[in-house]
Amino acid sequence: MAGDSTQLPPRPLDAAIIFAADGNLIPLALRAVRKGGRVVCAGIHMSTIPAFSYDLLWQEREIVSVANLTRQDGIDFLESVPHWHITTHTTSYPLQRANEALADLRAGRFDGAAVLIP
């Protein structure tokens with residue numbers, strides 16, 4: 001699900017990944033994940049996480065961070081991908097149709113990722 005971080009998703013998420021450096025997003029993400037769900041802080045830096053009620057963590061919800069990886073880690077990862085037989089699905093949109101791509105993403109009108117072509 002991709003959408004407004006201040007609105008709850010249609011159903012609880014298994015996980016929420018936060019790339020933004022805004023610690024205020026942590027309590028919002030905790031509200032969006034299911035029991036046992038995980039909030040992943042994927043940025044290199046994050047502002048202070050505000051205090052929040054324990055009920056947001058209750059029922060085995062987790063907050064985790066990711067390791068800062070090197071360029072070589074990324075190269076090694078990408079070289080290993082063919083061994084996993086991953087099939088990707090993309091839908092291309094010209095850059096001038098970016099708003100349509102976002103609307104289609106929100107409405108679930110395609111599988112995979114939208115790619116904007118300049």
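I started with the largest pocket and read its volume as about 470 Å³. The model is predicted: local features need pLDDT of at least 70, side-chain atom pairs pLDDT 80 or more, while totals for chains, interfaces and linings use all residues. Residues are numbered from 1 along each chain as its sequence is written, and side-chain values use heavy atoms, without hydrogens and water.

A pocket here is an open set of points on a 1 Å grid over the protein atoms alone, where a 1.4 Å probe fits, with protein on both sides within 12 Å along at least five of seven lines; lining residues have an atom within 4 Å of a point. Volume is the space filled by probe spheres set on the points.

I listed 21 lining residues for the largest pocket; Gly3, Ser5, Leu13, Ala16 and Ile17 lie nearest its centre. β1 (13–18) and α1 (25–32) each supply at least two of the lining residues. Helices are DSSP runs (H or I) of at least four residues, strands (E) of at least two.

Next I looked up the second largest pocket, at about 340 Å³. It has 14 lining residues, with Met1, Ala2, Pro10, Arg11 and Leu13 closest to its centre. β1 gives the most to this lining, three residues.

Then I turned to aromatic pairs (ring centres of Phe, Tyr or Trp, the last by its six-membered ring, within 6.5 Å; planes under 30 degrees apart stacked, over 60 edge-to-face, the rest tilted). I found two. Phe77 and Trp84 are tilted, because their centres are 5.5 Å apart and their planes at 55°.
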